[in-house]
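Biologist: Could you walk me through this model, starting with how the chain contacts itself and then moving on to the places where parts touch?

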4 protein chains.
Amino acid sequence: MPDPASTERYSYLGPAGTFTWAALTRVPEAQGKEWVSVNNVGEALHDVVSGRSVGAVIAIENSVEGGVSATQDALASIPDLRITGEYLVPVDFVLVARPGTALADVRVVSAHPVAYAQCRGWLERTIPAHAHVPASSNVAAAHDLLDGAIADAAIAPPTIREQVDVEVLAEHIVDNPHAVTRFVLVGRAGRLPERTGADKTSLIVELPHEEPGALLEMLEQFATRGVNMNRLHSRPIGDALGRYRFVIDIDGHVQDERVADALLGLKRFSPKVIFLGSYPRADRQAVEVTSRYDDDVFIDARDWLRGLLSGEPE
Amino acid sequence: MPDPASTERYSYLGPAGTFTWAALTRVPEAQGKEWVSVNNVGEALHDVVSGRSVGAVIAIENSVEGGVSATQDALASIPDLRITGEYLVPVDFVLVARPGTALADVRVVSAHPVAYAQCRGWLERTIPAHAHVPASSNVAAAHDLLDGAIADAAIAPPTIREQVDVEVLAEHIVDNPHAVTRFVLVGRAGRLPERTGADKTSLIVELPHEEPGALLEMLEQFATRGVNMNRLHSRPIGDALGRYRFVIDIDGHVQDERVADALLGLKRFSPKVIFLGSYPRADRQAVEVTSRYDDDVFIDARDWLRGLLSGEPE
Amino acid sequence: MPDPASTERYSYLGPAGTFTWAALTRVPEAQGKEWVSVNNVGEALHDVVSGRSVGAVIAIENSVEGGVSATQDALASIPDLRITGEYLVPVDFVLVARPGTALADVRVVSAHPVAYAQCRGWLERTIPAHAHVPASSNVAAAHDLLDGAIADAAIAPPTIREQVDVEVLAEHIVDNPHAVTRFVLVGRAGRLPERTGADKTSLIVELPHEEPGALLEMLEQFATRGVNMNRLHSRPIGDALGRYRFVIDIDGHVQDERVADALLGLKRFSPKVIFLGSYPRADRQAVEVTSRYDDDVFIDARDWLRGLLSGEPE
Amino acid sequence: MPDPASTERYSYLGPAGTFTWAALTRVPEAQGKEWVSVNNVGEALHDVVSGRSVGAVIAIENSVEGGVSATQDALASIPDLRITGEYLVPVDFVLVARPGTALADVRVVSAHPVAYAQCRGWLERTIPAHAHVPASSNVAAAHDLLDGAIADAAIAPPTIREQVDVEVLAEHIVDNPHAVTRFVLVGRAGRLPERTGADKTSLIVELPHEEPGALLEMLEQFATRGVNMNRLHSRPIGDALGRYRFVIDIDGHVQDERVADALLGLKRFSPKVIFLGSYPRADRQAVEVTSRYDDDVFIDARDWLRGLLSGEPE
């Protein structure tokens, strides 16, 4: 007998205080429900697939590290998942240490590799001779400081002070003050989120062969229908050097005629197209399309063709 | 009350003996029916539009003069016509004169401008100082020789000897021994000829604006669906210098999925697409398409999309 | 010994009063020089090739008939010609007849095929049952009326009244009141006209093979360098159905970097590129190019590449 | 006074035993010279820039993780570096633990994130409930096992047994048995490696604006010159979501005409092109180009254009 409570559970990369947790606080339908902290993206998605959770919040892109590899590979290999929403969380970090440590004493810095990349410029300027010890999460790095880790300091989110007894050596150490991380809410395939006019559609597409012409041809599937691509990320398929799949976000909803037609073109062209979902944009900014790609234009063309096929005069 | 006999009449650019007449002898359904000789293409097509004739045979292209302008303009401006068949007639001409004339005496040559163009090289080599007087038809030019025309000789089809009392000064004077003229049978819009697998589809397309990019975009509508174009002819629209429409033949039948989809793309893109018909090729050569553009590929993609829209797992 | 007078002679399609003659009156360097009336475009160009004339004025395009076939074919086959200027002449026609003829009596109309095409709409509305007899020139048609031609009326330029004793039955009978014919002045290859900033360049290009992709690829040679095409005309090469050459006008002078680079691309791509010349536009309208295609951009890129090849740091 | 010995030093991501170290053993010119172990890619490249080392070996791509982010970002931001060679190292890992540990006891696995990704499938099947602790290097993870790390086991290269007193719990645990990592040797800009006919050229290119059309236009710079791209990797520029630079490998040497011309096109198009070098392919496989893109074709076109500009007949 399925647990009815399972429909109320959300999985996220914990512990509380991570950016993923911050993203989950922005998901309206998750408020007041059970939140499950997991150790990695694969675990979060398996919770969804198995029905243990109705949704998982996972990081899919940030402005320094690009596409988050594990997420993209998981979405490419686990079937029947759908993205239903996106959430942006500003990136902000502090450098923390055990109480009593001075900035001048810091030699070894613990940080999740993505966080480290986002603060690398600041660290190279401020502590030129530092070494980096990777941590499994932004929050764990701070915890470990008190557990006898070899690191002298850790990069952590500003909320860390409420959770761990550490001292803040420096604030706002992110190199790019405009950095944000993009998270998505993922559920099982089912009814699509409604079309809002400010939607995006996410896809993973493999190319049919390895020539550069194949990529050109894929991009033309969008261009020829006036579909704007706002993200393109290549990921190695993993079976050989030089074979890639592309993680793509386009403007619009699959219920938009031009998007649906582009998907038909892609599907005919590509050996594998994974539809990850159509969902409202985090910024709620309406998609602008020139009138030549309006739904009506597609519908009129179909009516005209139907007339031709039936033998009617035009 | 409509004349039932009208369904049995075919119009052609006469008189008997012209290449158009020769083309009509190749139209199976016209054999044993009434043939009406007319003076120009417009008249032939108006016979069809008005219902006086069920079909008109008109020249649409030859290998020297390219698209026949009057035909192409008439097809672009008279609605609801459909091409239902094509017929190739080899081009062969003789030079004829009033009995008693020697080749060395010839100064003025009468010929239809298209015939003249097809023999120009031979004439320039053989009679370098000749002048050309245009004639309204290949056959009329020969007739006029006996009616006191100023011409000394005329270019005419080889069959002229059976019709007019002229002397042949030279045979096979066509510059290109492989030249053929392409004729089409035109009727009113109605049931489409059946798909044979060796079909072509004719279109007239206007570009949305004057940039070269628009032509590129039009050609991509075909290329992106694997549709081969085997004729492209530009014709000025006539309202301003530099505005063109394109007369296009593509391989395949509008009932082929890839052709239908390309027509949808064209229709959305172009301010005016005229469908002139899908009909069997004169050479009956089967259209070869790589398997990625098979009908099944289009149908599978639509099934897949329908699943996505209904919210089913893939 | 070359005849010094030959440098002062210009050939044109006569007789005086034709549109070609009108175009020649607009060529500044030809005023006060000797003008030679010839019978056809080939003769005019041979005068230039042989050195009999320094220049020939020939019609190259009008807004009803598109590219003038004979001109385009002659330019494609006679080497080492260069266009050095273009001249626009408005198209205006009158219908004339022998004195005493009424419009209602006209059954047969004599006209050059291009003139006929330009007045066809008016004739079909005004004299629905007329027949057309082609004439060798607009002026000859009127002359022939008095020489016992079978025609009842002729299409002629308005200046005909000053030359032939005919009566004008109707004025301004051209269907398109904005129609103009474009003429060019052609000389032997030599020093290029100076770059004025309001130039065009004319080319004839053959495609390497018959696929539609080849045309796409040719157009991309221009698009990728920001070169605007303002005329594209396909002409059958004449050796087989479906093989075309393209007569092309682009904005700019071969001394413009972007044009020179596009010509390099074309030359590498095409089995045959004929450079017909770079010359000032008739309308003297400056060519506008976005700054990314300025000469400087091309020169900077070459300097950068030269540095790379020499092993210098960037 | 510069240290003459510096010309003999090579930097690599240590310690000895890492894959980078294995790559360095494949660099002929580095054998018998001084090897300096550094902590990260930035340090290795700074050694080169400062002149402390003549070369640095760094990982640039592997078949699981795609482009190595830190390397690509460092190459994009440090000027005047040049890649002079590439080296492939097969990926092979063992799972090691403190002596006495059984596979069944393992709960926490320490591994560099890239190594972890490459063994993730094996770990998920074999130790479904494991947790991952990131390590700074494949070798350090094993060392730390003996230093009281919380991890029970570590992923390490097979050579680890010679360096650290650990026990091997499992061998060949890499998910993809064909996985290789690609390393490059990087030096300061200077004389280019000689053209061998089996070369590749590496570039980093920014797009001029954010439309998908810009990517299409970039790819056409290669396609239109017959230049094959064998790697395309997008990296966020880091100043805003959705802005990317592309790390590109193409077939051929900058001294090949078609490559040089493509670089000119790129340079004119892009706000920033970084030339990373032309160097022999690791696999020594000759680049095949259709004859239409041979050096001669480019040289002939330039000769032809030079003739046109000088006013010579063609």
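**Contacts, domains and the chain pair**

Modeller: In chain A, 75% of the contacts with a separation of 6 or more are between residues 24 or more positions apart, a contact being two residues whose C-beta atoms, placed from the backbone, lie within 7 Å. This is a predicted model, in which local features need pLDDT of at least 70, side-chain atom pairs count only at pLDDT 80 or more, and totals for chains, interfaces and linings use all residues. Residues are numbered from 1 along each chain as its sequence is written, while chains are lettered from A and ligands numbered from 1 in the order in which they are written.

Biologist: How many of the residues of chain A count as buried?

Modeller: Of its 314 residues, 52% do, where buried means that 20 or more other C-beta atoms, placed from the backbone, lie within 10 Å of the residue's own.

Biologist: And which domains is chain A divided into?

Modeller: There are domain 1 (1-90 + 179-190), domain 2 (94-170) and domain 3 (197-314), with bounds from an automatic or database domain assignment. Domain 1 of chain A gives 16 residues to its contact with domain 3 of chain A, which gives 14 residues.

Biologist: Switching to chains C and D, how many residues does the contact take from each?

Modeller: Chain C contributes 29 residues and chain D contributes 29 residues. On the side of chain C that touches chain D, α7 (257-269) and α8 (295-310) each supply at least two residues, helices being DSSP runs of H or I with at least four residues, numbered from the N terminus.

Methods. Buried ≥ 20, exposed ≤ 12 C-beta atoms within 10 Å, placed from the backbone.
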